[in-house]
Amino acid sequence: MIVFNYFFKILKQYKVMIILYTAILVIFGAFSLNTNDTGTDFTITKPDICIINQDKDSGITQGLTQYLTENANRKDIKQEEEALSDALFYREVSYIITIPENYQTDWLAGKEPKLIIQSNGNYEASLAEMLTNNYLQTADTYRKNNLEEDQIIEKTKQALDQKINIEMTSNLNNNGLSQANFYFNFANYSILAICIFVVGMVMSSFRKEMIKKRTMVSPMKPKNYNRANFLGIIVLGVALWAVYLVISMILVKDVMFTLHGLYYAINSFIFTICALSIAFLIGSILQNKEAISGVANVISLGSAFLCGSFVPVEWLPDSILTIVHILPSYWYIQNNEYIKTMEEITWESTQPFLMNIGMIILFIIGFLLVTNWFSKRKK
Amino acid sequence: MSKVIEVKDLTKKYKELTAVDHLSFNLEEGEILGLLGPNGSGKSTTINCILSLLTMNEGEIKIFGKEMKPNAYDIKKDIGVIFQEVAVFEELTVYENIDYFCGLYINNKQERKEKVEKAIEFVGLSEFKKFYPKQLSGGLLRRLNIACGIAHEPKLIFLDEPTVAVDPQSRNNILEGIKALRDKGATILYTTHYMEEAEILCDRIIIMDKGKIIAQGTKNELKELAGIEEKVTLEVENLPQEKQEKLKKIPNIEEIKYEGNQLMISFQKGENNFTHLLEWLKQEKISYDGIYSEKPSLNDVFLQLTGKELRD
């Protein structure tokens, strides 16, 4: 009992670090509450364009100009080469359409005249190009049906004015799940950093050569001594997980009292045990406190950046995602991402979740085996 | 008096090097036994083997009449160890450190509290209970180290060079403390390479060199081995070689050394050696400043037995 009690007395010396890492998690977790990801909204954007009409302002030319003016932000730019180039370069506009002379006549004659396009190639330019092609292709369809020019313009306008209401439906509380997802992904960093740093520091104190010698000459059985240390580490991990769970219940209570919340809780619990097994391994290998601090930073920050804790997984290159399969954080974050998308909680839908949990458990077993091997070798 | 420690033919080898070579000795109850020898003579290795911190190659070790093994927990509960290096937690206060190490031996909280308080008072750290080790001076840190080893009031205490790198005042305090422990009934095995400490403190001394016992006994018994009765030192300016040769003819002179202005004369056992010397100086009209006589030291014993200084 004395070893267990003093494990926590020594641990108290590192409370500032625990509070600091937890505060970072709470701050970023609270920050995520301001994000709004319902997943059912759609807002069309209008690209910034410039139209230079060198043709007559009538017929198809007028129709195209009007359509683009309604569906894009039309800006007037001085019609000089330098001014137009500057406007594109400084992103005043993304797309400049020059309608050449006799465009209307040539188009009606079926000569397929070309518009002169200048573009900076960004997504707004693509959108403007899509609008232009959309109008001209629709009009061309009517022209090929031998309609009069007025009718072509009228029918094209009617066709393009048709609106369809699209509703994206989902049973999921997307906003809450996104917030919970962000919180638990970020917790990957805090849990790893705290476990490795604190467990490493406390173990380093207990494993100092002279302290070990003093313990070895005492009547304390090594089995009892190791058990007390191990129990201390487990209690630390469970307490840390419980605190983080309570924080999540405050920050994202809508999710945490559902089955999704239960899955997040299970996933984070298994990951905390995994973080403890990593900490146990590092504490067994390293004695130097500065080295432990450095390793804690490298592992926690490295895993967080590479596995998608700080940035969405989708943004990471495929090569990185392939490599990070060897890190338990990857499976933990993958599981968080999967929980977010679970429409229904069924046995079938739970299987991928369990597979990821299984991967993390394999990591735990692996780390414990390596620790055991290392300890025996050291002995 | 019963035997607290019995060591028979203890041998410890590190590959080709024999650190302890067929060492045999006993430690009687209530005794302070000193293991004296230069650095590397095998003192600490001997202690580590006795405590089962090292596996011996040959030999037999009994403590309190029972065989000492790594899992001899019934023996270990009555042993206290103070290592050469300070072994405390940097993160715990003075009180907590002593309480922790005492707690490895004593489960009862109230009993432990009383013993910790006694140990703190014994080493004179009452004012520093809430201090962390890094806030203590070297001497106070050593006292904390001692308190951690004796708080559970062991019957047998091992002290492995506890005064290395300690200032003279703290050293005196530590030595007084060790005597007080013996007076309270503890049996002590003390290793040192300071002959003065061994002389002041130990009832019996074992002199070790290269892993072997080269002599053992009380300090007086050991000094007999030095082969000289007393050493006289005096300051003499310009003592010609012919006078030095004449001096050697005085009865019982074993050896003379003349370095700088210091004339050192070693006498064998005999009567009126000092008087003969003074008469000769007067007769030869040799003027001198400061003259003093001293009994042979353990260093002389070591020198006699090994041909080298204990401090080397």
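**Entry 1: the domains**

I started with chain A and looked up how far apart its two domain centres sit: over C-alpha atoms, domain 1 and domain 2 of chain A are separated by 57 Å. I am working with a predicted model here, so I keep that in mind throughout. Domain 1 of chain A is assigned in two pieces, 2-38 and 172-378, while domain 2 of chain A covers 48-161.

Then I turned to chain B. Its assignment gives domain 1 as 3-224 and domain 2 as 230-295. For chain B, the C-alpha centres of the two domains lie 43 Å apart.

**Entry 2: confidence**

For the complex it reports an ipTM of 0.80 and a pTM of 0.73. In chain B the average pLDDT is 88, and 98% of the residues score at least 70.

**Entry 3: chain B as a whole**

I counted up the secondary structure of chain B and got eleven helices and 14 strands. The C-alpha trace of chain B spans about 75 × 45 × 35 Å along its principal axes. Chain B has 312 residues, and 40% of them count as buried. I also checked contacts in chain B between residues at least 6 apart in sequence: 68% of these join residues at least 24 apart.

**Entry 4: strand 8 of chain B**

Next I picked out strand 8 (residues 187-192) of chain B. It is mostly covered, with six of its six residues buried. Which residues point which way from this strand? Thr187(B), Leu189(B) and Thr191(B) go one way, Ile188(B), Tyr190(B) and Thr192(B) go the other, and all are buried.

Strand 3 (residues 32-36) of chain B runs parallel to strand 8 of chain B, joined by five bridges. Strand 7 (residues 156-160) of chain B also pairs with strand 8 of chain B in the parallel sense, over five bridges. Ile188(B) is a handy place to look: Ile32(B) stands opposite Ile188(B), and Ile157(B) has Ile188(B) as its bridge partner. From strand 7 of chain B the chain crosses through helix 6 (residues 168-183) to strand 8, and this β-α-β crossover is right-handed.

**Entry 5: one proline**

Last, I found Pro113(A) in the loop between helix 5 (103-108) and strand 4 (116-119) of chain A. Is Pro113(A) buried, exposed or partly exposed? I have 17 other C-beta atoms within 10 Å, so Pro113(A) is partly exposed. Leaving out residues up to four places away in sequence, Pro113(A) touches Pro100(A), Tyr103(A), Asp106(A) and Trp107(A). Ile99(A) is 14 residues from Pro113(A) along the chain, and their C-alpha atoms are separated by 9.4 Å.

Methods: Residues numbered from 1 in each chain as written. Chains lettered and ligands numbered in written order. Predicted model: local features only at pLDDT ≥ 70, side-chain atom pairs only at ≥ 80, totals over all residues. Helix = DSSP H or I, 4+ residues; strand = E, 2+ residues; numbered from the N terminus. Buried ≥ 20, exposed ≤ 12 C-beta atoms within 10 Å, placed from the backbone. Contact = placed C-beta atoms within 7 Å. Pairing = 2+ DSSP bridges. Right-handed = clockwise from strand over helix to strand, strands pointing away. Domains from an automatic or database assignment. pLDDT = per-residue confidence, 0-100.
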